[in-house]
Amino acid sequence: MINITGIELKNPTILAAGIMGTTGASLVRVAKEGAGAVVTKSIGPEPKEGHKNPSMIDLGYGFLNAMGLPNPSYPDFKAELAIAKKDAGIPVIASIFGGTEEEFVNVARGLIDSKPDAFELNVSCPHALGYGASVGSNPDAVESITKAVCDAVDVPVWVKLTPNVTDIVTIGEAAQRGGADAVVAINTVKGMAIDINSGYPVLGNRFGGLSGRAVKPVALKCVYDLYTALDIPIIGVGGIYTWEDAIEMMMAGASAVQIGSAVHEGLNVFSSVASGIEEFVSKREYSDITDIIGIAHER
Ligand code: DHB
């Protein structure tokens with residue numbers, strides 16, 4: 001058992017926000033595969049269709065996607081969250097986004113009756129319309145949104161940070177000042193692919209967020225830097241496919257890890273990463289899994 005912001009997890013693997021978190025049934029499915037907790041697809045204030053196709057490309061070394069935050073809006077997602085809460089048997093975290101502080105608060109308040117175990121604020125989607133793109137790179141906005149949601153709800157608030165900034169530590173510190181219980185790092189890295197035959201960007205939205213194996217070193221460095229500056233836990237995410245990836249992330253400073261892109265290679269990733277971590281910890285004779293958190297800083 002590990003404890004993250006007061007929430008008990010049977011292992012440190014968490015489904016990252018994304019497509020597998022779109023319905024109550026898909027969240028339950030991931031839970032049954034052995035995840036320690038699950039995060040929903042980001043939910044916002046209004047129904048959104050998402051961007052036109054193609055919205056996702058497999059690059060081999062990662063995915064580039066611009067789904068466009070498709071979601072039914074919080075009033076329609078309540079029932080899905082309730083299903084996940086009833087049947088998953090593990091903590092369920094609601095990922096939410098908004099264009100303004102007020103919208104973040106409305107979505108959080110709107111979902112609170114469905115009893116999410118925590119909220120994860122997606123202040124970092126690379127293409128939330130309006131000021132979404134700039135929220136996550138603006139320390140004042142991150143601090144005030146975090147504070148407003150923390151004041152509005154009585155469950156832990158995690159803030160998911162974007163790597164598309166000059167200095168992620170400044171943003172992490174703003175989240176901490178706003179009262180965040182944890183930060184989650186990283187969201188996707190902005191990127192593009194071009195079709196040389198047509199001469200146009202491939203994605204319907206032209207650019208998107210890069211995830212998967214390609215971003216692991218970027219994520220590790222962000223988590224490492226955040227660990228030197230913050231007092232709150234860091235949840236590491238970005239390119240985790242194996243238990244070795246997860247150990248690296250924890251040694252950089254993560255208290256738990258999220259897994260997103262790797263679900264495309266099989267949902268057994270949660271149980272294989274969790275059992276690999278456990279075996280490593282006991283073989284190396286650490287007294288507890290928490291002993292490896294941040295040890296990459298010790299020399
Ligand atoms: C989307 C949202 C994200 O937060 C992200 O990192 C990538 C894509 C989306 O729904 O488009």
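Predicted model: local features only at pLDDT ≥ 70, side-chain atom pairs only at ≥ 80, totals over all residues.
Figure 1. Strands of a sheet pair through backbone hydrogen bonds, in either a parallel or an antiparallel arrangement.

**Figure 2. The four-stranded open sheet that contains β6 and β14**. The strand order is β5-β6-β14-β11, and the pairing is antiparallel. Strands β5 (56-58) and β11 (189-192) form the edges; each has a single partner strand, so one side of each is left without a neighbour in the sheet. From one strand to the next, the twist averages 35°.

**Figure 3. Secondary structure and overall dimensions of the protein chain.** The chain comprises nine helices and 16 strands. Its radius of gyration is 18 Å, close to the 19 Å that the globule rule gives for 299 residues, so the chain is as compact as a globular protein of that length. Along the principal axes, the C-alpha atoms of the protein chain fill a box of roughly 55 × 50 × 35 Å.

**Figure 4. Burial and contacts within the protein chain.** Among the 299 residues of the protein chain, 52% count as buried. Of the contacts in the chain with a separation of 6 or more, 70% are accounted for by residues 24 or more positions apart.

Technical notes. Residues numbered from 1 in each chain as written. Helix = DSSP H or I, 4+ residues; strand = E, 2+ residues; numbered from the N terminus. Rg over C-alpha atoms; globule rule 2.2 N^0.38 Å. Buried ≥ 20, exposed ≤ 12 C-beta atoms within 10 Å, placed from the backbone. Contact = placed C-beta atoms within 7 Å. Pairing = 2+ DSSP bridges. Axes fitted to C-alpha atoms, helices over the stretch in contact; angles between N-to-C directions.
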